[in-house]
Amino acid sequence: MEIIIREAVEADIPVIREMDRDVVLYVASLDGAKDPGAVTIRHRDVFERWLNIEQQKIYLAFEKKNPGVPIGFVWVVTNTEQFTGLPYCFVMDIGIKEGYRRAGIGKALMEKATEYARSLGYKRLKLMVNTRNRGAIGFYRGLGFRVEDLYMKKEL
Ligand SMILES: CC(C)(COP(=O)(O)OP(=O)(O)OC[C@H]1O[C@@H](n2cnc3c(N)ncnc32)[C@H](O)[C@@H]1OP(=O)(O)O)[C@@H](O)C(=O)NCCC(=O)NCCS
């Protein structure tokens, strides 16, 4: 399958919102969320807030033969470490539509995100992933990501 990757523009926002919502719903289901409707409503607000982050980039992937409908996205933003002030890029989200996975599209999008980080002179790319999301963890590990911080949780 031949794919095209391009930067997202303003007009892509509705379709990105849908794809991002689907990833969030999937991760929420892994975390035991029982009310997808409520997750969707919260996502709308959070998504708008994330879009306001100053320096960021979203890349979209398309099948060459169908360049109107994206089949995946990656969303990367810039941030600084709280105490050291060191700059880093953060992968907010990545998602490939079902039926298009394991074809190298996620990897190609992550390469774009990495290029973006490098183009800004950033030396670090970080992300957060739910430990139940085994597929995504395998994907990130394959790209060279390693666990550095552990975000711990206890059911009360
Ligand atoms: C995780 C995700 C983005 C990977 O995208 P993809 O296009 O399927 O990944 P690629 O085809 O580029 O995979 C590259 C390599 O990563 C690894 N990999 C990808 N998916 C994997 C999986 N489910 N399990 C284990 N390893 C995996 C493999 O080594 C793969 O190479 P291979 O297919 O030659 O073995 C995709 O599965 C997805 O959209 N998942 C649902 C949303 C999600 O969980 N997003 C992340 C939120 S943190």
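Let me start with Val69: it counts as exposed, with 10 C-beta neighbours inside 10 Å. The cut-offs, with C-beta atoms placed from the backbone: buried is 20 or more other C-beta atoms within 10 Å of a residue's own, exposed is 12 or fewer, and partly exposed is in between. Val69 sits in strand 3. Val69 and Lys34 are 35 residues apart in sequence, and their C-alpha atoms are 30 Å apart in space.

Some ground rules. This is a predicted model, where local features need pLDDT of at least 70, side-chain atom pairs count only at pLDDT 80 or more, and totals for chains, interfaces and linings use all residues. Residue numbers run from 1 along each chain as its sequence is written. Helices (H or I, at least four residues) and strands (E, at least two) are DSSP runs, numbered from the N terminus.

Now the helix pair. Two packed helices are described by the angle between their axes and the distance between the axes. Helix 1 covers residues 13-30 and helix 2 covers residues 36-51; they pack at about 130°, with axes 10 Å apart. That makes helix 1 oblique to helix 2. On the definitions: axes are lines fitted to C-alpha atoms, for helices over the stretch in contact, and angles run from 0 to 180 degrees between N-to-C directions. Under 35 degrees counts as roughly parallel, over 145 as roughly antiparallel, 65 to 115 as roughly perpendicular, and the rest as oblique.

Which hand does the crossing of helix 1 and helix 2 have, left or right? Helix 1 passes helix 2 in a right-handed crossing. Right-handed is when the near helix is turned clockwise from the far one by less than a right angle, and left-handed is anticlockwise.

Who meets whom? From helix 1, it is Arg17, Asp20, Arg21, Val24, Leu25 and Ala28; from helix 2, it is Pro36, Val39, Thr40, His43 and Phe47. Contact here is C-beta atoms, placed from the backbone, within 7 Å. The residues of this contact divide into six nonpolar, two polar and three charged. For the classes, Ala, Val, Leu, Ile, Met, Phe, Trp, Tyr, Cys and Pro count as nonpolar, Asp, Glu, Lys and Arg as charged, and the others, Gly among them, as polar.

Next, the ligand. 20 residues surround the ligand, and the closest are Arg101, Gly106, Lys107, Gly135 and Gly138. Near means a C-beta atom, placed from the backbone, within 6 Å. Two or more residues each come from helix 1, strand 4 (87-96), helix 3 (105-119) and helix 4 (134-142). Which element gives the most to the shell? Helix 4 does, with five residues. By class, the shell divides into ten nonpolar, seven polar and three charged.

Stay on helix 4. Of its nine residues, the number buried is zero, so helix 4 lies largely in the open. Helix 4 is followed by Gly144, with a positive phi near 100°.

Another positive phi. Most residues other than glycine have a negative phi. Arg102 is not a glycine, yet its phi is positive, about 60°. Arg102 is in the loop between strand 4 and helix 3. Arg102 is exposed, with 10 other C-beta atoms within 10 Å.

Now some single residues. Lys64 is in the loop between strand 2 (56-63) and strand 3 (66-80). Lys64 is exposed, with 9 other C-beta atoms within 10 Å. Leaving out residues up to four places away in sequence, Lys64 touches Glu2, Ile3 and Ile4. Lys64 and Ile5 are 59 residues apart in sequence, but 9.3 Å apart in space, C-alpha to C-alpha.

Ala8 lies in the loop between strand 1 (3-7) and helix 1. Is Ala8 exposed or partly exposed? Partly exposed, with 17 other C-beta atoms within 10 Å of Ala8. With residues up to four places away not counted, Ala8 touches Ile16, Ile58, Tyr59 and Leu60.

Last stop, Glu148. Glu148 is in the segment after helix 4. Glu148 is exposed, with 7 other C-beta atoms within 10 Å.

Technical notes
Two residues are in contact if their C-beta atoms, placed from the backbone, lie within 7 Å.
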